[in-house]
Amino acid sequence: MKRRTLIQAGALTAAQGLWSTAQAQETFPSKPITIVVAFTAGGSADQRARQIGKFMSAEMGQSVIVENRPGAGGNIGTQAIARSRPDGYTLGIGNMAPMAVNSSLYKKSTFDPLKELTMIALLERGPLMLVVKTDSPLRSVADVIAATKTKPGGLSFGSSGPGGAHHLSGELFKSMTDTEMTHIPYKGGAAAVVDLLGGQLDFMFEPMYSAVPSVKAGKMRALAITSSNRSPMMPDVPTMAESGVPGFVMENWQGLIGPAGMPAGIVRQLNAVVNKALADPTIKAQMLSQGNEIGGGTAQQFEALVRSETAKWAEVVRHNKIVVQ
């Protein structure tokens with residue numbers, strides 16, 4: 001009888017625990033949510049966090065606070081997300097570099113994004129354009145490849161620093177065309193653009209949002225875009241695949257993430273809110289105006305993207321023997 005009573009008591013306690021968990025999920029959120037951005041204020045990740053956060057706040061009835069924690073190529077902020085409590089109240093913007101590249105790129109990697117993070121929803125994909133200065137003799141991707149093979153050390157390309165989208169685009173170009181090129185890292189993309197326009201660099205892969213105004217102003221010439229399809233913003237610019245590098249796709253994506261172990265119900269709730277935000281005319285228009293492609297879809301689809309990108313960039317890093325201390 002005592003044993004039966006204990007079993008019954010244990011079952012009641014377990015049931016109460018399950019009810020409490022379900023109730024907590026049903027009332028989520030019951031306090032402010034923090035979105036951690038692994039880069040400085042004012043950048044694309046920060047802008048998107050504030051934009052999506054504002055929508056989430058109105059939709060879910062709680063304040064959303066954006067916290068910038070930059071450093072180490074996005075590793076510091078992304079690791080902070082991974083180390084937080086998996087209750088849905090600390091989320092983050094997961095970017096391509098810290099999510100799918102840095103574990104291979106950095107000699108000492110302190111966390112595994114695929115094991116320590118929850119992928120909630122893809123926000124957007126941002127292609128880049130291969131650009132040269134307006135009076136450059138390079139007028140096509142074929143010209144770049146040909147010139148690279150004749151110049152000692154190859155042509156030079158600039159980036160905002162090791163591991164960023166500018167840099168990785170160039171490394172992917174090298175590996176897919178079997179050419180030698182010299183990477184020149186800067187402390188920011190703006191400084192690299194200055195040297196490109198001044199003739200100190202031969203070419204760059206520049207994000208659409210910053211490249212398009214310069215191309216339209218006649219300061220740069222766009223040779224190709226790194227997405228799988230042409231952009232409606234620049235329909236005359238061919239893709240890298242159309243330009244003789246089949247299979248070349250490079251998109252600087254970002255999405256909403258949280259720590260591993262988040263309740264499935266909360267993940268589904270947040271995913272639904274993000275998908276609703278991405279259908280909002282104002283948010284959608286801003287993303288498209290920057291040359292980005294709208295994300296969305298399920299959490300599982302976002303996780304599949306991260307896994308695929310992790311394998312892709314690990315091979316590029318290995319093939320080109322890239323290491324960041």
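**Helix, strand and overall build**

Analyst: One thing to start with: Gly218 follows α9 and has a positive phi, near 80°. Keep in mind that this is a predicted model.

User: Which residues of α9 are buried?
Analyst: Met208, Ala211, Val212, Ser214 and Val215 are the buried ones in this helix, which spans residues 208-216.

User: Why would residues three or four places apart point the same way?
Analyst: An α-helix has 3.6 residues a turn, so residues with that spacing face the same way.

User: What covers the buried residues of α9?
Analyst: The cover includes three strands: β5 (128-133), β8 (203-207) and β9 (220-225).

User: Switching to β4. Mostly covered or mostly open?
Analyst: Mostly covered. Eight of the nine residues in β4 (117-125) are buried.

User: Which way do β4 and β10 run, and how many bridges join them?
Analyst: Antiparallel, with six bridges between β4 and β10 (residues 254-259). Ala121 has Leu256 of β10 as its bridge partner.

User: And what about β11?
Analyst: β11 (residues 293-294) also pairs with β4 in the antiparallel sense, over two bridges. There, Arg125 is partnered with Glu293.

User: Zoom out. How many helices and strands in the chain?
Analyst: 12 helices and 11 strands. The C-alpha atoms fill a box of roughly 90 × 40 × 30 Å along the principal axes. Of the 325 residues, 49% count as buried.

User: How many charged side chains, positive and negative?
Analyst: 31 positive and 24 negative, with the centres of the two sets 7 Å apart.

Methods. Residues are numbered from 1 along each chain as its sequence is written. This is a predicted model: local features need pLDDT of at least 70, side-chain atom pairs count only at pLDDT 80 or more; totals for chains, interfaces and linings use all residues. Side-chain values use heavy atoms; hydrogens and water are left out. Buried means under 20% relative accessible area, exposed over 50%, partly exposed in between (1.4 Å probe, protein chains only). Helices (H or I, at least four residues) and strands (E, at least two) are DSSP runs, numbered from the N terminus. Contact means heavy atoms within 4.5 Å. Lys and Arg count as positive and Asp and Glu as negative; His and the chain ends are not counted. The place of a charge is taken as NZ of Lys, CZ of Arg, CG of Asp or CD of Glu. Two strands pair if DSSP finds at least two bridges between them.
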